Amino acid sequence: MHQQTRLRQMIERHWQEHCPRMVEELRSNNHLENAISEAEERTADLLYELYSVQKLEYQVAWERSEE
C-alpha cells in the first residue's frame, strides 16, 4: 500500500472526476496504484525542477505543474 500524500490524493480525486473510465480500466487491471505513483513522482520532479532549479515562485511552479 502506498502512503497517502496530499499530492497523491489530489491526483486520484482529479482522475476520478475527469477520467473515470481510465480509473476503472486501471483499477480492473490492477494498475491504478502504480499509475498514481508514477504521476505523483513525475509531478514532484517537475515541481522540484521549476521551484528549486529554475527558481520560480512556488505558486507559479505549482500552476505550471498542473498543466
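**View 1. Helices α1 and α2.** In this predicted model, α1 and helix α2 (residues 20-28) pack at an angle of about 115°, and their axes lie 5 Å apart. Axes are lines fitted to C-alpha atoms over the stretch in contact, with angles from 0 to 180 degrees between N-to-C directions. Because angles of 65 to 115 degrees count as roughly perpendicular, α1 is roughly perpendicular to α2. Contact (heavy atoms within 4.5 Å) joins Glu 12, Trp 15, Gln 16, Glu 17 and His 18 of α1 to Pro 20, Met 22, Val 23, Leu 26 and Arg 27 of α2.

**View 2. Helices α1 and α3.** Helix α1 (residues 6-18) packs against helix α3 (residues 32-53) at an angle of about 120°, with the axes 9 Å apart. From α1, Leu 7, Arg 8, Ile 11, Glu 12 and Trp 15 take part, meeting α3 residues including Ile 36, Glu 40 and Thr 43.

**View 3. Ser 65 in helix α4.** Ser 65 belongs to helix α4 (residues 58-65). With 12% relative accessibility, Ser 65 is buried (under 20% relative accessible area, 1.4 Å probe, protein chains only). A polar atom of the Ser 65 side chain lies 2.7 Å from the backbone oxygen of Trp 62. Beyond neighbours within four places in sequence, Ser 65 contacts Thr 43, Leu 46, Leu 47 and Leu 50.

Residues are numbered from 1 along each chain as its sequence is written, and side-chain values use heavy atoms, without hydrogens and water. Local features need pLDDT of at least 70, and side-chain atom pairs count only at pLDDT 80 or more, whereas totals for chains, interfaces and linings use all residues.

Technical notes:
Helices (H or I, at least four residues) and strands (E, at least two) are DSSP runs, numbered from the N terminus. Buried means under 20% relative accessible area, exposed over 50%, partly exposed in between (1.4 Å probe, protein chains only). A polar contact is a pair of N or O atoms within 3.5 Å; within protein, one must be able to donate a hydrogen and the other to accept it, and residues adjacent in sequence count only if both atoms are side-chain atoms. Angles under 35 degrees count as roughly parallel, over 145 as roughly antiparallel, 65 to 115 as roughly perpendicular and the rest as oblique.
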